[in-house]
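This report looks at how side chains meet in one protein chain. Have the sequence and the model at hand while reading.

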Amino acid sequence: MKIAEICTLLKRELYENNYQYGFYFGGIKYMPDFKNGFDEEFFKLSKTVYRIQNPQDTMKEKIGTCIDAVIVMKIILDEINVPSKIWLLYHNLKKTPHTILTFEAEEKLVYLELTPQSNKPWYGKEIVYSNEQSLIEQFQKENYAIVEITDKIIIGNSPDSILQYIVP
């Protein structure tokens with residue numbers, strides 16, 4: 001498949017279905033309220049209640065965090081036999097984690113940011129790299145630590161469980 005076709009397929013699920021940022025737990029949707037700045041209550045819940053969601057719940061409820069979004073993307077890509085990996089980014093200065101997914105097509109590596117309601121300027125746009133090393137070097141230049149975690153994600157675990165692979 002072509003890069004554009006794959007991106008269209010992923011966007012159709014996550015972007016056009018208007019996934020919301022937050023999480024689903026115990027039959028309740030939790031979403032941050034940023035009207036008055038940082039939502040301290042949501043942040044606390046995300047550290048205590050939130051667990052990496054079952055992708056079927058994410059797809060049914062149309063809500064998730066970055067890690068939930070990349071898991072959904074990986075499932076879609078696995079169904080059409082497109083090789084993909086999930087990466088953990090950790091900004092060394094801001095001390096913030098983020099997960100992304102890359103996939104291989106047309107002998108290139110592609111990163112497509114589809115975290116719900118992302119404010120990143122590259123949201124919904126594919127970024128094409130010649131290889132994994134190019135991706136790694138780009139993020140390292142931007143002061144991120146980066147590690148591949150595809151096989152380290154466990155549905156139902158706290159998202160902090162994956163930080164052990166990157167945070168000193």
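## Charged pairs, rings and core

Lysine 62 is partly exposed, with a relative accessibility of 25%. The model in which this value was computed is a predicted one. Lysine 62 has a charged partner: its side chain meets that of glutamate 13 in a salt bridge, at 3.7 Å from N to O. This pair links distant parts of the chain, since glutamate 13 belongs to helix α1 (residues 3-14) and lysine 62 to the loop between α3 and β4 (63-64), 49 residues apart. Glutamate 13, at 16% relative accessibility, counts as buried, because the limit for buried is under 20%.

Side chains of opposite charge can pair when their charged atoms come close. How many salt bridges does the count come to? The count is 7 salt bridges, and the table gives some of them, including the pair described above.

| Salt bridge | N to O distance |
|---|---|
| Glutamate 13 and lysine 62 | 3.7 Å |
| Glutamate 61 and lysine 60 | 3.9 Å |
| Lysine 74 and aspartate 78 | 3.0 Å |

Lysine 74 and aspartate 78 are both in helix α4 (residues 66-79), 4 residues apart, which is about one turn of the helix. Lysine 74 counts as buried at 15% relative accessibility, while aspartate 78 is partly exposed at 41%. Some salt bridges share partners, and in this way Lys29, Lys60 and Glu61 are joined into one network. Lysine 60 counts as exposed, with 64%.

The next topic is the aromatic rings. A search of the whole structure gives 7 aromatic pairs. One of them is formed by phenylalanine 23 and tyrosine 50, with ring centres 5.1 Å apart and an angle of 55° between the planes, so the pair is tilted. Phenylalanine 23 is in strand β2 (residues 23-25) and tyrosine 50 is in the loop between α2 (40-48) and α3 (55-61), so this pair ties together parts that are 27 residues apart in sequence. Phenylalanine 23 is buried, at a relative accessible area of 0%, and tyrosine 50 also counts as buried, at 3%. Both rings belong to one aromatic cluster made of Tyr21, Phe23, Tyr30, Phe42 and Tyr50.

Elsewhere, a charged side chain sits by a ring: lysine 152 lies over the face of tyrosine 165, 5.3 Å from the ring centre.

In soluble globular proteins, nonpolar side chains tend to be buried together. Which residues have the most contacts inside the largest nonpolar core? They are Leu10, Phe103 and Ile153, in a core of 36 residues. The elements that each give two or more residues to this core are α1, α4, β5 (84-91), β6 (96-105) and β7 (108-112). Of these, α4 gives the most, with 8 residues.

Some nonpolar side chains are found at the surface. Phe34, Phe38 and Phe43 make a nonpolar surface patch of about 340 Å². Phenylalanine 38 is located in the loop between β3 (28-30) and α2. With 54% relative accessibility, phenylalanine 38 counts as exposed, because exposed means over 50%.

Conventions. Residues are numbered from 1 along each chain as its sequence is written. This is a predicted model: local features need pLDDT of at least 70, side-chain atom pairs count only at pLDDT 80 or more; totals for chains, interfaces and linings use all residues. Side-chain values use heavy atoms; hydrogens and water are left out. Rings of Phe, Tyr and Trp (its six-membered ring) pair if their centres lie within 6.5 Å; planes under 30 degrees apart count as stacked, over 60 as edge-to-face and the rest as tilted. Buried means under 20% relative accessible area, exposed over 50%, partly exposed in between (1.4 Å probe, protein chains only). A charge sits over a ring if NZ of Lys or CZ of Arg is within 6 Å of the ring centre and within 35 degrees of the ring normal. Patches are made of residues with over 30% relative accessible area and no salt bridge: like charges are joined within 9 Å, nonpolar side chains (Val, Leu, Ile, Met, Phe, Trp, Tyr) within 5 Å. Accessible areas come from the Shrake-Rupley method with a 1.4 Å probe; for residues, only the protein chains shown count as cover. A salt bridge is a side-chain nitrogen of Lys or Arg within 4 Å of a carboxyl oxygen of Asp or Glu. A nonpolar core is a set of buried Ala, Val, Leu, Ile, Met, Phe, Trp, Tyr and Cys residues joined through side-chain atoms within 4.5 Å.
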